[in-house]
Amino acid sequence: MSEIFGLRNHNVTVDGSSLSLTFDGRWGEQITVSMPADHLDALMASLGRVKQEVSIRQRPQKLVFSFRGLQSWSASNVPGQEYVFVILDGSTALAAPYAVPPKMAEELGSALLSAADAARKQRRDN
């Protein structure tokens, strides 16, 4: 099997019916692959799947999370609606609106209070 290290160039026939890709090989040779243009969509789809698989396999073992600070929030109910309406960062371009069922709103409120208490305690301990 030949190894390629970079795309050197590509050529499309005058009528657009086929194409060729020329790569630089590991030992300095040129490797050319030709195919009908009708297969280009399938090739692109396949390469997209390969890229995704490679990304998954190269993902670091440790999960890294990135957070940004919440700028604003609002919560309200609307007469005749069965949801609590919550908007996070409503005054920014990253506004995120949610329609939350009442039971879930209660659970969220309780979890936020519990996490806030733990964060305050941790801050006092340090």
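Which element gives the most to the lining of the largest pocket?

**View 1. The largest pocket and the residues that line it.**
In this predicted model, the largest pocket has a volume of about 380 Å³. Its lining is made by 13 residues, and those closest to the centre of the pocket are Trp73, Val86, Leu88, Leu108 and Leu112. Two or more lining residues come from each of strand S4 (73-77), strand S5 (84-88), strand S6 (96-100) and helix H2 (102-125). The element that gives the most is H2, which supplies five residues to the lining. When the lining residues are sorted by class, 12 are nonpolar and one is polar, while no charged residues are found among them.

**View 2. Ala105 in helix H2.**
Ala105 is part of helix H2, the element that gives the most residues to the lining of the largest pocket. Ala105 has a relative accessibility of 23%, and it therefore counts as partly exposed, since that class lies between the limits of 20% and 50%. If residues up to four places away in sequence are not counted, Ala105 touches Val84 and Val100. Ala105 and Val14 are separated by 91 residues in sequence, and the distance in space between their C-alpha atoms is 63 Å.

**View 3. Asp89 in the loop between S5 and S6.**
Asp89 is placed in the loop that runs between strands S5 and S6, and these two strands each give two or more residues to the lining of the largest pocket. Asp89 counts as buried because its relative accessibility is 2%, and buried means under 20%. The side chain of Asp89 is joined to the side chain of Arg68 by a polar contact of 2.6 Å. Apart from residues up to four places away in sequence, Asp89 touches Arg68, Gly69, Leu70, Gln71 and Ser72, and also Leu94 and Ala95.

**View 4. Thr22 in strand S2.**
Thr22 is found in strand S2, which covers residues 18-25. With a relative accessible area of 6%, Thr22 is buried. Between the side chain of Thr22 and the side chain of Thr32 there is a polar contact of 3.2 Å. Once neighbours within four places in sequence are left aside, Thr22 is in contact with Gly6, Leu7, Arg8 and Asn9, as well as with Gln30, Ile31 and Thr32.

Notes:
Residues are numbered from 1 along each chain as its sequence is written. This is a predicted model: local features need pLDDT of at least 70, side-chain atom pairs count only at pLDDT 80 or more; totals for chains, interfaces and linings use all residues. Side-chain values use heavy atoms; hydrogens and water are left out. On a 1 Å grid over the protein atoms alone, a cavity is a set of points where a 1.4 Å probe fits but cannot get out, and a pocket is an open set with protein on both sides within 12 Å along at least five of seven lines; lining residues have an atom within 4 Å of a point. Grid points are joined across faces, edges and corners, and a volume is the space filled by probe spheres set on the points. Helices (H or I, at least four residues) and strands (E, at least two) are DSSP runs, numbered from the N terminus. Ala, Val, Leu, Ile, Met, Phe, Trp, Tyr, Cys and Pro count as nonpolar, Asp, Glu, Lys and Arg as charged, and the others, Gly among them, as polar. Buried means under 20% relative accessible area, exposed over 50%, partly exposed in between (1.4 Å probe, protein chains only). Contact means heavy atoms within 4.5 Å. A polar contact is a pair of N or O atoms within 3.5 Å; within protein, one must be able to donate a hydrogen and the other to accept it, and residues adjacent in sequence count only if both atoms are side-chain atoms.
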